[in-house]
Amino acid sequence: MTGFRRNVTERTQDFRAVGIAVSKSASGFDVQLPRSLKAERRGDIAVLFLARAEKRNAIDDPTVSGIEAFFAALPDAIKAVVLAGEGDHFCSGLDLGELTSRDIAQGIAHSRSWHRAFERIEFGKAPVVAVLHGAVVGGGLEIAAACHIRVAEASTYYALPEGSRGIFVGGGGAVRLPRLIGTARMMDMMLTGRTYGAEEGQAIGISHYLVPPGAGLAKGIELAERIAGNAPMTNFAVTHVLPRIAAADPAGGYVTEALISAIAQGDDEAKARLKAFLEKRAPKTVRN
Ligand code: 1HE
C-alpha cells in the first residue's frame with residue numbers, strides 16, 4: 001500500500017466516524033459527498049461546486065466535513081482544483097440556522113472544524129482556484145481566502161456581516177483576511193458593514209482576476225490547467241513553503257528559501273525544463 005493510499009484509508013476511517021460516507025463515487029473521487037457539494041473531473045483538474053443554491057450555498061456541518069473529506073482524498077492525478085458555487089451566489093457564509101443551538105464549547109469545536117477543512121484547501125495536495133460571483137460573504141469570504149487564486153465575476157461582492165449578526169469570523173478569516181486586505185479594512189467591514197464590489201475587491205487584492213458575468217468558470221479552469229502544467233515541486237513550494245516563509249522571521253525565511261530553492265532546482269523535472277529552455281524547446285516568458 002502506498003503512503004498516500006494508506007493516508008486515505010486512515011482518513012476514511014476518520015470520516016466514517018463523523019458520519020461522512022466514503023466510497024468511490026461516480027465522478028471518480030474517493031469520497032461520497034454530501035448533497036451540498038458536487039465534484040467533476042476534467043482530466044487532471046477537479047471542479048468542486050458548492051451546490052446548495054436554494055440556501056445560497058450556506059455552509060452547514062455536512063458541507064464542512066465534505067470539503068475536508070474531498071480535499072483529504074484528492075487523487076494524486078489531480079494537479080489543480082477549481083472551487084465554484086452553483087446558483088446566483090458563490091456563498092452566503094455560515095449556515096445561520098445551525099448557530100442558535102450551539103453552546104460555547106460546541107462553538108469552539110465548530111470553528112475548529114472549519115479550520116481543519118480550510119487548512120486542507122490551503123495546504124492540500126493541489127493548488128485551488130476559487131471562482132467567485134454574487135455574494136461572497138462571511139464564511140464565503142473565509143473559504144475564498146483559503147484558496148490560492150481568486151477569479152471574480154463582475155457580480156461579485158464581499159461582506160463580513162458577522163458584526164451585524166452578533167458573531168465573529170470563525171473559519172480562519174481573522175488570520176487569512178488581514179494578510180489579504182489588511183487588518184484596517186477587515187475592521188471596517190466588520191464594524192460598519194462596509195461591502196466591496198468586484199472592481200473594488202480587485203483593486204484591494206481580494207481577487208487576482210476580474211471577468212465578465214458568466215466567464216468565471218472558464219477562466220478558473222484555464223488557470224487551473226496552467227497551474228497543473230507546472231512542475232509539482234514548484235507548486236508545492238509556492239503553496240506550502242512560500243506562505244510559511246512569508247510568515248517567518250526574515251532570518252529563518254532566507255534559510256528556508258535557500259533550502260526549498262535548492263530542492264526544487266535539484267528535481268529532475270526542473271533540470272529537464274531548464275534544458276528545454278536552453279535548447280530553445282520551451283516557450284519564452286512574454287506578456288500574456
Ligand atoms: C441562509 C443563509 C445563511 C441565505 N444561512 N440560510 N451570512 C449572512 O449573514 C448572509 C445571509 N444571507 C443573505 O444576506 C442573503 O441570503 C443573500 C444576500 C446571500 C442572498 O439573498 P437572496 O435574496 O438571493 O436570498 P434569500 O431569500 O435571502 O435566501 C434564500 C434562502 O436561503 C432563504 O431560506 P428560505 O428557507 O426562506 O428559502 C434564506 O434564509 C437562506 N439563506 N443565506 C442559512 N447564511 C465560521 S464563522 C462564519 C460566519 C459567517 O459566515 S456570518 C455570515 C452569515
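I count two strands as paired if DSSP finds at least two bridges between them; helices (H or I, at least four residues) and strands (E, at least two) are DSSP runs, numbered from the N terminus. The model is predicted, so I note that local features need pLDDT of at least 70 and side-chain atom pairs pLDDT 80 or more, while totals for chains, interfaces and linings use all residues. Residues are numbered from 1 along each chain as its sequence is written, and side-chain values use heavy atoms, with hydrogens and water left out.

**Entry 1: strand S6**

I looked up the partners of S6. Strand S4 (residues 128-132) pairs with S6 in the parallel sense over four bridges, and Val129 stands opposite Ile149 in S6. S6 also pairs in the parallel sense with strand S9 (residues 209-211), over three bridges; here Leu210 in S9 is the bridge partner of Ala152.

I then asked how many residues of S6 are buried. Buried means under 20% relative accessible area, exposed over 50% and partly exposed in between (1.4 Å probe, protein chains only). Four of the five residues of S6 (residues 149-153) are buried, so the strand is largely enclosed by the rest of the structure.

**Entry 2: Ser207**

I located Ser207 in the loop between helix H8 (198-203) and S9. Ser207 is buried, at 4% relative accessible area. Leaving aside residues up to four places away in sequence, I found that Ser207 touches Arg150, Ala152, Tyr158, Ala198, Gly201 and Gln202 (contact means heavy atoms within 4.5 Å). With Gln202 there is a side-chain to side-chain polar contact of 2.6 Å. A polar contact is a pair of N or O atoms within 3.5 Å; within protein, one must be able to donate a hydrogen and the other to accept it, and residues adjacent in sequence count only if both atoms are side-chain atoms.

**Entry 3: the ligand**

Which residues come nearest to the ligand? Of the 23 around it, they are Lys55, Ser92, Leu94, Gly139 and Arg165 (a residue is near if one of its heavy atoms lies within 4 Å). A polar backbone atom of Ser92 is 2.7 Å from a ligand nitrogen, and one of Leu94 is 2.8 Å from a ligand oxygen. A backbone N or O atom of Glu54 lies 3.4 Å from an oxygen atom of the ligand. The protein covers 66% of the 1000 Å² of accessible area that the ligand has on its own (Shrake-Rupley method, 1.4 Å probe). Strand S5 (135-137), helix H4 (139-146) and helix H5 (162-165) are the elements that give two or more residues to the shell.
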